[in-house]
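This briefing covers cavities, disulfides, the strand sheet and backbone angles. Please have the sequence and the 3D view open while reading.

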Amino acid sequence: MTVYRTLALVAAVLLAVAGCGDEPNTGEGAARSPAIPAPPPHFWSAPADTPQQQAAVARATRQIDVCALLPRDTLVDLDLGEIRDVTIGLDSCRAVLGDPAPAEAATLTWHSTLLPPLAPRLGIDKHLGDVHLLLVPDRAPGARACGATARFASGAAFYLGLSIPNRDSCAIADGLLPGMIDRWRQSPVQGTSPDTVDTVLLGADPCAVRAKLDGTADTDERRLTQCLFRYRDETVTVAYDYRVTDQVRARATEEKIDDRTVFRTTSLYDSSIPIYSAVVGPELPAGSTAFVPRVPAVEVTSATDDVARQVMSQVLTLFPQ
């Protein structure tokens, strides 16, 4: 079977899953996409040229447990000292190792993403099979940091950032990338890593709300935790994230939409643009997120309150209380 046929078949499965969005959902995690078969390793090698294929790649990428790309035994093998903590974001993981003093600790952060073809202007540019790699060292004097990007032919990608005292961070990144690529191709499902916390947003598709709205249209934007689409002659952004509770409420006015509490604020760049936010799940466990606790939250932005409120009303049905 060719990689193109495989991509088409996986896209069909994922679109069928998306089509279930109109069914009523109940219970914790109801907004998450139902379990779908993990794609074969060569799925990631097929360029995604159509909107349907690109959507399939995005959905498959959301199902990957990003923390599983660098498991704790791999971190231990780096010989950078004791693992101080591993914390998560919705599509990211962060590990701090070694010296407890922040300035002396080794920090690794990595996250999944979607990227157009890389067009490097600096750094170390190379390929590992059909995966395009770019390693860029920090150019500041005395720098110890490195940023590494791995992009699959499908457009799925991950980024690894390292800050390691007295070591060549790019050399360490270069040694980690092959294993991370191999683990990615195996598509470890959400929850594979013991550091990953189960929430209603984990693996959820921010474009799922479109199944509940008549007359939406695609934009050229493809993102993992945001969905941009046209609706009622406006561009709407739906975003999922783990946010600090105080940030959800900051500068905001509390309102009700269908008996659910939402917070309305406006864009810092244009006070005429409304932003509606809502908390859709309990606070993540203490210590699971960096610096401060966070809550699963959704956000809707559009040009007018009428459209933003209507979209938020439908988003909230994906996350029943």
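In the residue classes used here, Ala, Val, Leu, Ile, Met, Phe, Trp, Tyr, Cys and Pro count as nonpolar, Asp, Glu, Lys and Arg count as charged, and the others, Gly among them, count as polar. The model is predicted. It holds three cavities of 30 Å³ or more and three disulfides. An open sheet of seven strands is also present.

**Cavities**

- The largest cavity has about 100 Å³ of space. It is lined by 14 residues, and those closest to its centre are Arg62, Leu90, Asp91, Gly203 and Thr225.
- Sorted by class, the lining of the largest cavity comprises seven nonpolar, five polar and two charged residues.
- The second largest cavity has about 60 Å³ of space.
- Residues lining the second largest cavity include Asp65, Val66 and Cys67, and also Ile88, Gly89, Leu90, Asp91 and Ser92. Gln190, Thr196 and Leu202 are likewise among the lining residues of this second cavity.
- Five nonpolar, four polar and two charged residues make up the lining of the second largest cavity. Asp65 and Asp91 are in that lining, and Asp belongs to the charged class.
- Leu90 and Asp91 are among the residues closest to the centre of the largest cavity, and both also line the second largest cavity.

**Disulfide Cys67 to Cys93**

- Cys67 and Cys93 are joined by a disulfide with an S to S distance of 2.1 Å. The link is right-handed, with 100 degrees about the S-S bond.
- This pair connects distant parts of the chain, 26 residues apart. Cys67 sits in the loop between helix H2 (51-62) and helix H3 (72-77), whereas Cys93 belongs to strand E2 (residues 92-97).
- Cys67 has 3% relative accessibility and therefore counts as buried, the limit for buried being under 20%. Cys93, at 2%, counts as buried too.
- Cys67 is also one of the residues that line the second largest cavity.

**Disulfide Cys146 to Cys170**

- The sulfur atoms of Cys146 and Cys170 are 2.0 Å apart and form a disulfide. The torsion about their S-S bond is about 90 degrees, so this disulfide is right-handed.
- Cys146 lies in strand E6 (residues 145-151) and Cys170 in helix H4 (residues 169-185). The two are 24 residues apart, and the pair links distant parts of the chain.
- Cys146 and Cys170 are both buried.

**Disulfide Cys207 to Cys227**

- A disulfide is formed by Cys207 and Cys227, with sulfur atoms 2.0 Å apart. It is right-handed, with 100 degrees about the S-S bond.
- Cys207 is in the loop between H4 and strand E8 (217-218), and Cys227 is in strand E9 (residues 226-231). The pair links distant parts of the chain across 20 residues.
- Cys227 has a relative accessible area of 2% and is therefore buried.
- With the bonded cysteines of the protein numbered in sequence order, the pairing reads 1-2, 3-4, 5-6.

**Sheet**

- The seven strands of the open sheet run in the order E1-E2-E3-E7-E6-E5-E4, with antiparallel pairing.
- Strand E1 (83-88) and strand E4 (124-128) stand at the edges. Each has a single partner strand, so one side of each lacks a neighbour in the sheet.
- From one strand to the next, the twist averages 15 degrees.
- E4 pairs with strand E5 (residues 131-137) in the antiparallel sense over five bridges. Asp125 has Leu134 in E5 as its bridge partner.

**Positive phi angles**

- Most residues other than glycine have a negative phi.
- Asp79 is not a glycine, yet has a positive phi of about 60 degrees. Asp79 is in the loop between H3 and E1, and with a relative accessible area of 65% it is exposed.
- Asp233, also not a glycine, has a positive phi of about 65 degrees. Asp233 is placed in the loop between E9 and strand E10 (234-243). Its relative accessible area is 72%, so Asp233 is exposed, the limit for exposed being over 50%.

Notes:
Residues are numbered from 1 along each chain as its sequence is written. This is a predicted model: local features need pLDDT of at least 70, side-chain atom pairs count only at pLDDT 80 or more; totals for chains, interfaces and linings use all residues. Side-chain values use heavy atoms; hydrogens and water are left out. On a 1 Å grid over the protein atoms alone, a cavity is a set of points where a 1.4 Å probe fits but cannot get out, and a pocket is an open set with protein on both sides within 12 Å along at least five of seven lines; lining residues have an atom within 4 Å of a point. Grid points are joined across faces, edges and corners, and a volume is the space filled by probe spheres set on the points. A disulfide is a pair of cysteine sulfur atoms within 2.5 Å. Helices (H or I, at least four residues) and strands (E, at least two) are DSSP runs, numbered from the N terminus. Buried means under 20% relative accessible area, exposed over 50%, partly exposed in between (1.4 Å probe, protein chains only). Two strands pair if DSSP finds at least two bridges between them. Axes are lines fitted to C-alpha atoms, for helices over the stretch in contact, and angles run from 0 to 180 degrees between N-to-C directions.
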